[in-house]
Structure formats: C-alpha cells, structure tokens
Amino acid sequence: MSYSPSDLQITGAGITSASGQGKAAFTSALMRGEHAFGIMKRPGRQKGTSFIGAEIAELSYPDRLSKKLLRTASYSAHVALITLEEAWREAKLDEADSARIGLIAGGSNFQQRELLQTFEAYRDKPHFISPAYALSFMDSDICALCTEQFGIRGFACTVGGASASGQLAVIQACQAVLSGQVDICIALGVLTDLSHMECQAFRSLGAMGSDRYANRPDLACRPFDKNRDGFIYGENCGAVVIERAETARRRGVKPYARISGWAWGMDGNRNPNPSFEGEVRVIRKALGQAGLAPEEIDYINPHGTGSRIGDETELRALAECGLAHARINATKSVTGHGLSAAGIVEIIATLLQMKESRLHPTRNLQEPIDESFPWVRGEALPADITHALSLSIGFGGINTAICLKKEM
C-alpha cells in the first residue's frame, strides 16, 4: 500500500552539537546565539595551521547505552548512539514493532580523524592493529551499532550527498515510509569527524575560513555577511523519526510537524561551485509537491555556509522563486557547518523554532550581502511559523529542499 506525502509526520528528534547536547540545551543556546567557536583542540585536528571550529565539550551518556558497544566504537558512533537515543525515547519507539522500523544514516567517510590517527599509530607495526578496525572503518558500522543497540529489525543503510546528506536521508526515509517498506524510519545525520588533512584540503580549496579572523574565532563564522571568507566547521549530529499519523496515534505521540513536500536533484557537475538553476529547480519542485504558493512560506532555513559564491547564489535562487518576503536566519552561524549532519540539524532547528514561535538570531550578520531580505540578525524574534522551507546544497552538484508544516 502507498500513502500520501501529507500523511508523514516528524514524531521524535535528537540533537548533539557543540552548542548543546539534547533539545533543551540546544534550543537555549540557539535562541541566545551562544557559540563554541575556537581553535580546535581534538587530537588529529591540527598540524601546522590553527583551524577554527566548534567542538563538543563533553558527552553525557544515557544509561541505556551498552558499554560493551561503546568500547570499540568511534567518536562519530558514540555521538550517533547518544543522539538517536533522545529521538527514540521521545517517539516511544520501544512500543513499536522493531521489524517495521528502518534507519537511514546520512553521510559517508564519517571517521576520517580516527582513521588518520590509526594509520599514524600503526604505520610501522600493522600486525598490532586491533581487529575491531576491520569493522569500525566502514560507514556501515554506524548502522550496525545503532541497530544492535536499539533492536532495529527493518532495514538500515547509509546515503551520501556531501553537505546535503542529512536532508537526503530525510527524503529517503519519507520514501521508505510512503512505499510501505517500513512503518517508521529514522533519518540520522552523522557527525563528520574531520582530521587536519580534510581541514587543510578545504582551506586550500578556498571553502573553509578563516584567514581574515584567525585571531578572532568568535567572528569567523558569518553566513551572508559581506566579510565572510568560507565555512567554519562544527561538530553536530541530529536524528528525526518519520512516520504516518496513523502509527503515531497508536503510541500517543504528538508530532512536531508534517513533511509536506521535498525535492532533490543534480547539477551534472562534480565541482563545488553552486548552481542557480539547480537550486531554483528543487525549490519550485518542493513547493509544488507541498501544494504551496511561494507567499505561503513564512520562514526559510537556508544552507547558508559563509561561502563567497554559495551564499550569493542561494539568495538569488530564493528571490527568483518569490521567497524574498520570508523571514530568514542562518543556523550555521551558531552551530558551525556539520557537513553530513547539517541538513538534519537545521530541520531540527526549524522544528524547535516552530514549537517556540521564535526565530533564533544570526551571529555576525553585520553587513548582509542583500539587505532586501527580512533577516533575523542580532536578537531572537517572535514569529508564527506555519510553513517553513529548509535547503541543503552539497559538493558534486546535489541540491535538496524540504517543506515543513507546523502541526496545530
């Protein structure tokens, strides 16, 4: 049996970020514009250059998590298990049939920092490497750990779409539920654990900042500001539970919002430069599937990385689609760019703003590149959000758009 997209609801969410672990701490930091940007200190992140980013200070582990599983799990996997536990508990998934639950992990090559550290530690003594490495270097290990910990018996897989991976996981989860493959599907935006190698490559490419604010990490992340000089990395992970209204009602779960429309498409371009035409295409397609006119969108959560070209292209696409009237802020200005996790983290930020009827500030937006948009700048603002649009754009020419409708 197939179902209508209007049946789909988000019934649980979990978040772990440098800005706060759990929805309560994250919401508080988001609304205050509290950040964790600084010179990164996690082992394997620095070599010759002082890279700026936002790192999680300390993890708090739920009692439920298996210490045996955690012993051989990567840092990305630890964060994934903690984040999924929050969403699982909120959606009351212990009461659901585990054979009808699926999991899609957004991203690939999650654990680069730990892989590099392993190579360096065992380069001259490969026979002493832990057998657990044979499992942990694979992206599938995240899915395996999550399914074992939570008893998921439906299906689990990873999907890669660079910085659009999180939203791609949400879209694939929607399609899995709509097709009847499972009743409930969790979309997980996994923490991408960068090493100094990836950081340096991003800097050499001109994608990662910040030369301009090397001595002022607090000023470095500035999406849509004239003085931006590239994205600033942030450790983030998010999980959302997607299901039909019918199955949520059986467990007495109150949804955050409906997923009313979505779209994803390619530019036919391997390179990192954005495509105005590609972004316009997915925005219009998502609005069309949702049955929405542009003027019905109240709020936009953009990709907004601080890219010199990307930010300008995104605003041009929004204006072309008749969306220059909608309130807009930039979640990455607070959280940093979570790469694979970004799309889901920003969907969660949108859900929390809908729930609070309040929009978070955009840090460091002192001189917007386009003043005509109704920006949320230095302070949080009250806002009644019924329809929201969230966008993600990834290297390799992938564009995604998701429309959310607040549940009344």
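A residue counts as exposed when its relative accessible area is over 50%; R32, at 58% relative accessibility, is therefore classed as exposed in this predicted model. R32 belongs to helix α1, which covers residues 23–32. Between R32 and T192 there are 25 Å in space from C-alpha to C-alpha, and the two residues are 160 apart in sequence.

T192 itself is placed in the loop between β7 (184–189) and α8. Because its relative accessible area is 8%, and buried means under 20%, T192 is counted as buried. When neighbours within four places in sequence are left aside, the contacts of T192 are with N109, F110, Y233, G338, L339 and S340. The C-alpha atom of T192 is separated by 8.1 Å from that of S108, a residue 84 places away along the chain.

Helix α1, in which R32 lies, packs with α14 at an angle of about 80°, the two axes being 11 Å apart. Since angles from 65 to 115 degrees count as roughly perpendicular, α1 and α14 are described as roughly perpendicular to each other. On the side of α1 the contact is made by K23, F26, T27, L30 and M31, and on the side of α14 by V345, A349, L352, Q353 and E356. By class, this contact of α1 with α14 comprises 6 nonpolar, 2 polar and 2 charged residues.

Helix α14 (residues 342–356) also meets helix α7 (residues 165–178), with axes that come within 5 Å and cross at roughly 75°. The helices α7 and α14 are therefore likewise assigned as roughly perpendicular to each other. G166, Q167 and V170 of α7 form this contact together with G343, I344 and I347 of α14. The classes represented in the contact of α7 with α14 are 3 nonpolar and 3 polar residues, with no charged residues.

Backbone geometry was examined next. Most residues other than glycine have a negative phi, and most peptide bonds are trans. A162, which is situated in the loop between β6 (155–159) and α7, has a positive phi near 55° although it is a residue other than glycine. With a relative accessible area of 34%, A162 is regarded as partly exposed. S357, likewise not a glycine, has a positive phi of about 50°, and the position of S357 is in the loop between α14 and β13 (358–359). The relative accessibility of S357 is 29%, a value that counts as partly exposed.

At least two residues of the lining are supplied by each of α8 (196–205), α12 (310–320) and β15 (387–394). In terms of class, the lining of the largest pocket is made up of 17 polar, 12 nonpolar and 4 charged residues.

Notes:
Residues are numbered from 1 along each chain as its sequence is written. This is a predicted model: local features need pLDDT of at least 70, side-chain atom pairs count only at pLDDT 80 or more; totals for chains, interfaces and linings use all residues. Side-chain values use heavy atoms; hydrogens and water are left out. Helices (H or I, at least four residues) and strands (E, at least two) are DSSP runs, numbered from the N terminus. Ala, Val, Leu, Ile, Met, Phe, Trp, Tyr, Cys and Pro count as nonpolar, Asp, Glu, Lys and Arg as charged, and the others, Gly among them, as polar. Axes are lines fitted to C-alpha atoms, for helices over the stretch in contact, and angles run from 0 to 180 degrees between N-to-C directions. Angles under 35 degrees count as roughly parallel, over 145 as roughly antiparallel, 65 to 115 as roughly perpendicular and the rest as oblique. Contact means heavy atoms within 4.5 Å. Buried means under 20% relative accessible area, exposed over 50%, partly exposed in between (1.4 Å probe, protein chains only).
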